[in-house]
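Please look over the chain shown below before reading on. The report that follows is meant for someone meeting this structure for the first time.

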Amino acid sequence: MSAPQSGRLVAGMVGGGAGADIGKTHRYAMRLDGKYDLLAGVFGRDRGRSAALAAELGIPADRAYGSYGEMAAAEAARGDGVDVVAVATPNDSHFEIARTFLEAGISVVCEKPLTQDSATAAELVRIAAEHDAVLAVPHCYSAYAMVRHAARLVRDGRLGPVTFVDVEHASGWAATPLELLGHKQAGWRTDPDVAGFPSVVGDLGTHAYHLLRYITGLDAERLSARLKTVVPQRRVFDHATVQMDLDGGVPARLWASMAATGHSHGLRIRVFGERGSLEWQHEDPHHLTLQDLDGTTTILTQGISTLSEDATRLTRVGLGHPEGFLEAFANFYSDLAEVLRARRDGTVLDGKLPGRELSFPTGRDGLIGVQFVEAVAASHAKDAAWVVPASALPELRKTGL
Ligand SMILES: NC(=O)c1ccc[n+]([C@@H]2O[C@H](COP(=O)([O-])OP(=O)(O)OC[C@H]3O[C@@H](n4cnc5c(N)ncnc54)[C@H](O)[C@@H]3O)[C@@H](O)[C@H]2O)c1
């Protein structure tokens with residue numbers, strides 16, 4: 001395992017090759033707080049393409065492996081081997097890959113659904129315990145600050161005893177037969193051998209059910225489900241409605257769909273209690289709506305000072321900045337990197353940097369900002385008279401200074 005003096009953990013990845021969906025999200029997420037270094041991986045079944053991506057990610061060549069079996073053996077034998085491996089491959093391979101690392105004593109983050117049946121999922125849980133390794137599943141919606149706050153409110157009795165829960169993960173991403181057009185993710189998600197015939201339940205229903213359990217602390221005691229295939233000729237079910245009795249007989253309803261026409265992500269939960277209710281939606285993740293018995297509606301915003309510690313410890317940017325602020329900053333640095341790289345690598349063409357019409361603000365934009373401030377101040381000093389900012393003066397427009 002990695003040297004104890006390092007604050008950073010050593011991570012590996014299986015899956016997440018070029019063009020894959022969720023693997024890159026794992027990589028961004030690992031980088032964000034600087035707690036992991038991704039130093040080993042198998043990014044697909046094609047050795048050459050996997051090695052090319054590994055090189056791009058700065059992974060040492062001797063730790064870009066040809067198969068997960070080779071990787072587990074080699075990493076377990078190293079004094080500075082990986083602390084954890086993220087498994088981001090299609091569902092039918094999760095069990096074998098996760099088992100291989102867990103048996104080598106290496107902790108695993110395994111994508112959902114954990115495996116294709118409960119016997120193999122239970123087997124993984126048992127192997128992890130036997131080998132003293134952590135097994136984690138990224139049902140990541142429970143990591144939103146406002147979801148944590150919702151869970152805290154329910155736990156603390158803010159809503160009173162829970163009376164009903166309504167959760168849906170009803171997305172419209174596959175409301176047409178994308179699988180017939182060669183869409184990679186739709187291809188395996190509609191293949192019953194890879195995704196299972198209740199595909200949408202494993203894919204989206206597991207997220208919705210986890211969110212329900214996480215916020216309420218309740219599990220299903222029994223359920224009644226109907227599965228449907230909305231898109232003609234699809235080989236798996238793409239729509240599911242489930243009635244549940246949760247612990248203590250609390251009724252609940254879950255809808256999972258990949259064919260909810262016009263919906264984008266479509267994850268939403270509402271929890272009703274004797275004294276109030278709450279609602280959270282993934283499309284507006286930094287708000288949590290509370291409604292009291294008398295009809296009063298309160299909208300809580302991520303970052304306000306009255307939130308629970310469970311939520312505030314997960315808030316990176318201050319009040320006023322929604323989710324997405326960090327990504328906007330990343331876009332700025334990414335655009336800047338294009339120019340810095342071209343200068344460093346001497347790939348400036350015809351004396352010009354690789355330009356985009358829309359890219360990062362430059363020093364000139366900063367200058368215009370300062371000129372704007374001066375013009376505002378000058379106008380104020382003259383009782384709001386009209387003032388021409390220096391940036392608009394024809395001679396300065398020409399030179400840009
Ligand atoms: N937690 C979430 O929110 C979330 C979101 C999307 C997908 N997922 C899950 O993540 C997994 C991957 O989904 P995806 O949409 O990214 O799939 P994908 O098809 O886009 O990517 C899968 C990747 O795994 C690679 N791969 C396949 N077999 C491999 C093997 N034996 N060794 C090494 N690499 C291998 C493929 O080459 C590809 O790069 C699925 O289980 C899916 O359910 C989870």
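The model is a predicted one, in which local features need pLDDT of at least 70 and side-chain atom pairs count only at pLDDT 80 or more, while totals for chains, interfaces and linings use all residues. Residues are numbered from 1 along each chain as its sequence is written, and side-chain values use heavy atoms, with hydrogens and water left out.

Two packed helices are described by the angle between their axes and the distance between the axes. Helix 3 (residues 68-77) packs with helix 4 (residues 94-103) at an angle of about 15°, and their axes are 9 Å apart. Helices here are DSSP runs of H or I with at least four residues, strands are runs of E with at least two, and both are numbered from the N terminus. The axes are lines fitted to C-alpha atoms, for helices over the stretch in contact, and angles run from 0 to 180 degrees between N-to-C directions. Helix 3 and helix 4 are therefore roughly parallel to each other, a term for angles under 35 degrees, whereas over 145 counts as roughly antiparallel, 65 to 115 as roughly perpendicular and the rest as oblique.

In the contact, which means heavy atoms within 4.5 Å, Tyr 68, Gly 69, Met 71 and Ala 72 of helix 3 meet Glu 96, Ile 97, Thr 100 and Phe 101 of helix 4. The residues of this contact divide into five nonpolar, two polar and one charged, where Ala, Val, Leu, Ile, Met, Phe, Trp, Tyr, Cys and Pro count as nonpolar, Asp, Glu, Lys and Arg as charged, and the others, Gly among them, as polar.

Helix 4 has as its buried residues His 94, Phe 95, Ile 97, Ala 98, Phe 101 and Leu 102; buried means under 20% relative accessible area, exposed over 50%, and partly exposed in between, with a 1.4 Å probe and protein chains only. These buried residues pack against strand 1 (9-15), helix 3, strand 3 (84-88), strand 4, helix 5 and strand 5 (135-136). Just after helix 4, Gly 105 takes a positive phi of about 80°.

Most residues other than glycine have a negative phi, and most peptide bonds are trans.

Gln 233 counts as exposed at 75% relative accessibility, and Ala 384 counts as exposed at 61%. Finally, a cis peptide bond with omega of about -15° joins Lys 112 and Pro 113, and Pro 113 has its place in the loop between strand 4 (107-110) and helix 5 (118-130).
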